[in-house]
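Good morning, colleagues. Please look at the sequence and the model on the screen, and I shall then go through the arrangement of the chains, the sheets and the core.

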Number of protein chains: 2
Amino acid sequence: MTLRRHSLLSKNVARALRQRLRREYQKGGRLPSELEIAQEYGVSRGTIRDALAILEREGAIFRRQGSGTYVNQYALNIQASIESAYEFSDLIRQAGYHAEIRPLTVERQPLPADIAARLERPPASDALFVRKLFLADGNPAIYCLDILPTDLVREPYQPEELHAPIFDFMRQRCYQTVTLVLADIIPRVMDGELAELLESPVGQALLQFDEVSFNTLNKPVLFSRVYYRDGYVRFSVLRKKM
Amino acid sequence: MTLRRHSLLSKNVARALRQRLRREYQKGGRLPSELEIAQEYGVSRGTIRDALAILEREGAIFRRQGSGTYVNQYALNIQASIESAYEFSDLIRQAGYHAEIRPLTVERQPLPADIAARLERPPASDALFVRKLFLADGNPAIYCLDILPTDLVREPYQPEELHAPIFDFMRQRCYQTVTLVLADIIPRVMDGELAELLESPVGQALLQFDEVSFNTLNKPVLFSRVYYRDGYVRFSVLRKKM
């Protein structure tokens, strides 16, 4: 009952193929045979089959019974797939902008009751509040607040380390590996504080994601609240009807 | 390179298991062995393995190396998974409300240029505009506009048929089966028209999904614009970090 784990090689081949499809199959079309692709990339047929299975699951390619494998040009053009784990800077780059991180503040504060509940901690227990802004071509595009219970921190650290991606910090200083993120998708209207942070008019719509990250033992280890200013990163989702 | 297709039996067993997990594993916990579950449901181990693979892919269960299969209680409580194809009435019922459909209007109109482009039709070609409201406990929760090019309609029909789920109409009267839906997720603010339709204050945030549906040949056959009033249906997404 295990899901097939894809080898690093298959994943790399899938990445190379994905880039090639974006370049050469903007109008869709039929792919060469597995054997031909395998020869071209100098890898086994099993590896190619695995790489194509990854692309099929993403929706980038599909099979037509008895006729071959085709490119789904619509899925190729998805800017930010909502199912994928990503780093914010990558999202901004994928949308075609220059990405930059602006660290804002790091504070120790007690957990508000609702967030404590989602992190399965007692209310008011101590946590690190890390605020960052992600810029697209110099303009604020994503605002992120990470809330990390301090009971998880196992190693001394320099404050600057919290400016790096939080998952790196959690691995290195908390020995925590995040395997699953559960995100609630919430429509919001800019209030004064968000408008100032995101340099946008009050009253504009934006997306809020409330995310709980779980470690390998399925325990909640991080709460994040992320705001996406509309117009920079747009999320899409590809649904298969079975 | 084909994705494994799950049998109807596996899917039914997965559905039964999912309901049972929601009832009996609200705090997580370890599942009985494959063999035990197979015996209990009177199906083969292969079928159970398949059903568990479906639940693992949804994130509802996960394997811990050498220790067994566990329930992810967080994933179980997802109200509306954004990756799943669904009917609006089911979404409303899953959120705990009584669901009702209120058909609004059916009109023939020319396609606006942007939607014509997404449907790969000439601008101003003829289309059916079908508007419906979905009520939760009698309150407007979802407003849906389906835009179907009339060149697809192959059979005469009664206007009331357009009040049924549009995918049924497309199968029966257009011979079109939708296999894939690409949805853009857009934050919006209620304007006067939406506020009146959804009986909500102007200025409130809501989610807009712009959806293009594709048939088995990967051709766009339907454009839908759907508005979800916040507070009734909330979407979540479970992301696996690889």
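Before the sheets, a definition: two strands pair if DSSP finds at least two bridges between them. Strands are DSSP runs of E with at least two residues, while helices are runs of H or I with at least four, and both are numbered from the N terminus.

This is a predicted model, in which local features need pLDDT of at least 70 and side-chain atom pairs count only at pLDDT 80 or more, whereas totals for chains, interfaces and linings use all residues. Residues are numbered from 1 along each chain as its sequence is written, chains are lettered from A and ligands numbered from 1 in the order in which they are written, and side-chain values use heavy atoms, with hydrogens and water left out.

Let me begin with the sheet in chain A. Here 3 strands form an open sheet in the order β1-β3-β2, with antiparallel pairing. In chain A, β1 (29-30) and β2 (61-64) stand at the edges with a single partner strand each, so one side of each has no neighbour in the sheet. Strand β3 of chain A, residues 68-71, is joined to β2(A) by 4 bridges, and A:Arg63 stands opposite A:Thr69 of β3(A). In general, strands of a sheet pair through backbone hydrogen bonds, either parallel or antiparallel.

Chain B also has an open sheet of 3 strands, in the order β1-β3-β2 and with antiparallel pairing. There, β1(B) and β3(B) pair over 2 bridges, and B:Arg30 stands opposite B:Tyr70 in β3(B). How many residues lie between β2(B) and β3(B) in their hairpin? There are 3, and B:Gly66 in the turn has a positive phi of about 70°.

I turn now to chain A as a whole. Its secondary structure comes to 8 helices and 11 strands, and its C-alpha trace spans about 60 × 40 × 35 Å along the principal axes. The domain assignment, which is automatic or from a database, gives domain 1 (3-77) and domain 2 (83-236). The C-alpha centres of these two domains of chain A lie 33 Å apart.

Of the 242 residues of chain A, 52% count as buried, where buried means under 20% relative accessible area, exposed over 50%, and partly exposed in between, with a 1.4 Å probe and protein chains only.

Which residues have the most contacts inside the largest nonpolar core? They are A:Ile142, A:Tyr228, B:Ile142 and B:Tyr228, in a core of 38 residues. Such a core is a set of buried Ala, Val, Leu, Ile, Met, Phe, Trp, Tyr and Cys residues joined through side-chain atoms within 4.5 Å. Beyond its neighbours within four places in sequence, A:Ile142 is in contact (heavy atoms within 4.5 Å) with residues including A:Phe88, A:Leu198, A:Tyr228 and A:Val233.

Finally, the relation between the copies. Superposed by least squares on the C-alpha atoms of residues with pLDDT of at least 70 in both, chain A can be laid on chain B with an RMSD of 0.1 Å by a turn of 180° and a shift of 0.0 Å along the axis. That is the relation of a two-fold axis. Within chain A, A:Pro187 comes closest to the rotation axis, at 2.7 Å for its C-alpha. The copies meet through the same surface, because 100% of the interface residues of chain A are also interface residues in chain B.
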